[in-house]
Amino acid sequence: MQDYLVRRLLQSIPLLIGITLISFAIMQLAPGDPMSTMISPDLDMEAVDARRAELGLDQPIYVQYFRWLSELLSGNMGYAVQSGRPVLQMIVERIPATLLLTASALAFAYIVAVPLGVISALKQHNLADYLLTLFAFLGISTPSFFAGILLVYVFAIQLNLLPTSGHYSIGEGLIGFAATADRLRYLLLPMLALGTRHLAQVMRFTRSSMLDVLNQDYIRTARAKGIHERVVVYKHALRNALLPIVTLLGLTLPALIGGSFIIETIFAWPGMGRLGVNAIFAREYPILMGLNVLVACMVLMGNLLADVMYAFVDPRIQYS
Amino acid sequence: MRRLSGSKFWTLFIAAVVIMVSLSVVGCQPPEEEVEPPEEDPDEEVGPTEGGTVRIAISSDPENLNPLILPTGVVAPVFECLFNGLVRDNPDWEWVPDAAEDWEVSDDGRTVTFFLHDDITFHDGEPMTAHDVKFTLQSMAHPDYIGGQFGYVSTILGAEEYREGEADDVEGLEVIDDHTIAITTVEPDASIFNTVSRGIAAILPEHILGDVPHEEWQRHEFNQKPIGTGPFKIVEREADSHLTLEAHDDYFKGRPYIDRLIFRIGDDQAMLGAFMNEEVDIIEAPAEEVETVEDLPFANVHVHEGGSFNYLGLNNLHPCLGQPEVRQAIATALNIKEITATATQGYGEPIIAPHTPSSWAYPADCEGWPYDPDKAAEMLDDLGWEVNPDTGIREKDGVKMSYDWYNVDRDEHRRIASLVQQNLEDVNIELDIQVIDFATMTHVLLPRDADGAGVERSKDDFGIYTLGLTVGPDPQGMERQFHSRHSEPGGHNYVSYSNERVDELWGEVRTALDLDQRRELAQELYSILCREVPWIPLYATTDISVAHDRVQGFEPNVLGQVWNVTEWWVDDGS
């Protein structure tokens with residue numbers, strides 16, 4: 001297992017470098033560089049050129065890339081063009097917000113989806129199953145930005161139950177339980193918007209996986225032995241049915257981060273996603289590259305995590 | 001058995017929902033008290049009271065708050081609260097005292113002596129003196145300064161020498177005493193007032209930045225939480241979330257009424273929702289949402305001049321745009337009234353010269369080119385651009401009247417595009433519409449070679465482009481767009497316009513310090529631009545500011561929303 005982990009980690013290094021190389025190249029394809037969004041008739045072009053030179057934008061692309069890569073290896077993600085702040089710092093200060101949002105969306109999706117999927121499977125072709133299936137297809141086919149806007153409209157603007165945007169009541173000076181409750185109120189809508197789609201997917205996955213398992217011979221055997229139905233469902237069926245779902249978990253992570261780009265913008269949530277959206281429009285290559293590396297790492301780690309967890313839930317699988 | 005387990009899940013699920021909803025209801029209570037509509041008080045006018053918080057929405061995080069470092073537009077309202085200049089602009093676009101109580105112009109017009117208020121302090125308690133003013137202006141001329149605003153101080157005597165490293169000091173900046181500074185320019189220069197205004201050279205603290213080498217300014221932490229002299233000081237910031245400002249108790253013009261100002265950062269749509277839910281007090285509303293906000297019982301809608309305009313730039317080097325007569329015909333073919341109404345949902349004002357109509361420089365007596373497609377067609381026929389019956393497009397000497405037309409990817413510009421294209425098709429002119437983003441647009445307008453060096457402009461760069469432009473109180477700012485000198489590579493005369501009289505007039509406007517004389521010269525200049533149409537001006541923009549009625553004294557105008565922030569006060573109906 002240890003060998004396997006080491007090998008996988010080593011394998012991801014060239015992969016990561018490849019990803020950064022490609023994304024660096026793609027970014028250069030778009031005409032205009034970070035300085036070009038700042039150009040206005042009030043600015044001396046000399047100064048713009050000086051800044052270009054300072055940022056190394058006047059160098060050939062491969063020089064820029066290797067310079068960036070070597071800086072990255074020494075732990076420096078570079079500096080934002082507009083603010084001159086270290087990119088790493090800008091990302092790090094936004095990680096907690098994004099983590100809170102995505103983790104709770106993920107938790108919400110799985111905690112609700114797995115039981116519902118099980119119910120759906122157990123009640124196959126019953127009213128509950130049909131209703132849940134309907135809900136699942138609605139959830140899968142509703143883009144998260146639409147779900148987000150709809151939630152804001154209904155729960156914030158019409159019903160006035162929850163805040164429309166932001167991540168806590170600024171300037172209220174709340175502390176203790178009140179502060180936590182306040183943050184939860186702000187979290188609820190973006191979490192639902194981000195999580196619902198995944199909830200629907202996971203639910204469908206659980207259902208089909210569960211149905212698959214329930215039709216296996218060993219389930220019939222278990223039932224024939226007179227084992228309590230609850231034990232059959234939870235111990236024998238669900239544990240086996242969870243296998244593909246675990247894989248899904250590893251793959252959901254990057255999708256969630258991607259989704260947070262839109263959701264964070266809709267809810268004015270101060271996380272990495274919004275940083276990314278703003279960086280795209282401002283042609284902030286250093287920030288985009290920084291985010292890119294981070295997300296790439298998460299995807300790779302997510303996959304690795306899925307594989308490792310696989311071994312844990314299924315003793316038949318062994319890595320060597 | 002199965003049923004039991006199923007119902008257990010339902011119970012759990014319902015319980016979870018109940019918990020969530022009750023959480024939301026419980027947590028909701030404190031703000032709701034605040035939400036109570038203020039009692040109407042028709043009989044008695046309530047005077048300003050101290051205290052309270054006002055929350056303003058801004059669309060993106062002002063990552064850098066040092067006014068001398070490559071600025072971005074959105075920070076203007078924040079600057080306004082944090083800093084002062086020697087002078088500032090008033091709603092009539094005249095210079096009025098700010099940190100300087102008064103000033104005196106020497107007989108030769110080259111030296112302006114500013115007399116400063118003697119009780120100005122920075123947010124950290126240090127007094128502000130003429131030395132800080134000199135420090136600020138001199139910094140803009142420093143050889144290592146890379147903030148891009150040297151152009152503004154370049155007319156000060158000795159600034160060029162200082163920048164070249166030939167002098168230790170800018171000769172034209174003379175501190176007479178702690179509260180008096182004399183600024184001497186090479187020639188009489190009316191634009192010096194613009195330079196020392198709050199919008200350009202906001203006064204920075206020498207005691208903090210004096211020891212920081214200029215090449216480190218770009219990355220200095222001062223840019224995150226700057227210290228100024230303005231009515232508010234910055235106390236807290238959270239990236240992409242908010243900035244909190246508190247009243248500067250020792251503000252030399254008197255402490256503002258409100259205690260706290262919170263700038264909330266969010267996408268326009270998100271902030272509109274936040275306003276409707278009373279989470280922010282002041283927003284800028286898109287025209288299509290005016291009706292929505294007007295229906296809110298607590299909203300005060302202010303429609304005011306936005307200080308910018310949209311125009312079509314015509315490449316003067318293009319074979320069928322070089323002649324002023326052709327450009328006039330194209331202008332005549334455009335139904336600018338309809339374009340304005342459609343693009344702005346009725347909130348813009350058609351213009352005939354490239355400036356905002358409220359400015360004293362705007363030519364009052366120019367008629368422009370009223371819409372008349374038949375006349376436009378006739379004008380083009382007379383110039384020899386005749387319709388080729390095969391293609392339906394005008395031609396002359398084998399050249400087709402067809403343009404590449406570049407547009408920035410914005411809704412407003414897309415709406416302009418559909419109408420302009422229709423108008424020009426009516427007179428048999430072909431347009432090839434390209435929609436690009438702003439960064440790409442700058443590459444079209446400022447052509448560069450592969451190494452990034454500016455190259456000579458040519459007829460092939462573009463035919464027409466659409467852009468918006470924000471204008472300042474000083475018409476001199478437009479010199480860079482229309483002086484033939486600036487059509488060089490890297491210059492901002494994108495359309496390569498050239499007219500000797502116009503070049504001359506820019507010089508004359510600059511050296512005339514008397515406002516009446518300046519008005520006359522500027523109007524002559526703009527009349528020429530109106531006649532020769534290097535640009536086809538479309539319309540001046542209108543901003544729609546919406547405020548919660550708890551905010552009193554809010555009077556947005558061409559200067560923006562926060563220009564009179566010290567006069568705001570909060571009426572929570574108590």
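**Figure 1. In this predicted model, helices α6(A) and α8(A) cross with left-handed geometry.** The contact draws on A:D129, A:L132, A:T133, A:F135, A:A136, A:F137, A:G139 and A:I140 from α6(A). From α8(A), the contributing residues are A:T196, A:R197, A:L199, A:A200, A:Q201, A:M203, A:R204 and A:R207. Helix α6 covers residues 127-141 of chain A and helix α8 covers residues 176-214. Their axes lie 8 Å apart and meet at an angle of about 135°. The two helices are therefore oblique to each other, since an angle counts as roughly antiparallel when it is over 145 degrees and as roughly perpendicular from 65 to 115.

**Figure 2. A:H125 in the loop between α5 and α6 of chain A.** Helix α5 of this chain spans residues 95-122. A:H125 is not a glycine, yet its phi is positive, at about 65°. Most residues other than glycine have a negative phi.

**Figure 3. B:N428 in the loop between α13 and β18 of chain B.** The relative accessible area of B:N428 is 23%, so the residue is partly exposed.

**Figure 4. The disulfide between B:C366 and B:C530.** One disulfide is present over all chains of the structure. The sulfur atoms of B:C366 and B:C530 are 2.0 Å apart. The pair joins distant parts of the chain, 164 residues apart: B:C366 sits in the loop between β13 (349-350) and α12 (373-382) of chain B, while B:C530 belongs to helix α17 (residues 515-532). The torsion about the S-S bond is about -80°, so the disulfide is left-handed. B:C530 is buried, with a relative accessible area of 1%.

**Figure 5. Two further cysteines, A:C297 and B:C81.** A:C297 is partly exposed, at a relative accessible area of 27%. B:C81 has a relative accessible area of 0% and is buried.

**Figure 6. The largest nonpolar core and its member B:W568.** The core holds 71 residues, of which B:L86, B:F114, B:I183, B:L261 and B:W568 touch the most other members. Helix α3 (residues 130-141) of chain B supplies the largest share of this core, six residues.

Key: Residues numbered from 1 in each chain as written. Chains lettered and ligands numbered in written order. Predicted model: local features only at pLDDT ≥ 70, side-chain atom pairs only at ≥ 80, totals over all residues. Heavy atoms only, no water. Core = buried A, V, L, I, M, F, W, Y, C linked by side-chain atoms within 4.5 Å. Buried < 20%, exposed > 50% of the residue type's maximum accessible area, 1.4 Å probe, protein only. Helix = DSSP H or I, 4+ residues; strand = E, 2+ residues; numbered from the N terminus. Disulfide = S-S within 2.5 Å. Axes fitted to C-alpha atoms, helices over the stretch in contact; angles between N-to-C directions. Parallel < 35°, antiparallel > 145°, perpendicular 65-115°, else oblique. Left-handed = near helix turned anticlockwise from the far one by under 90°. Contact = heavy atoms within 4.5 Å.
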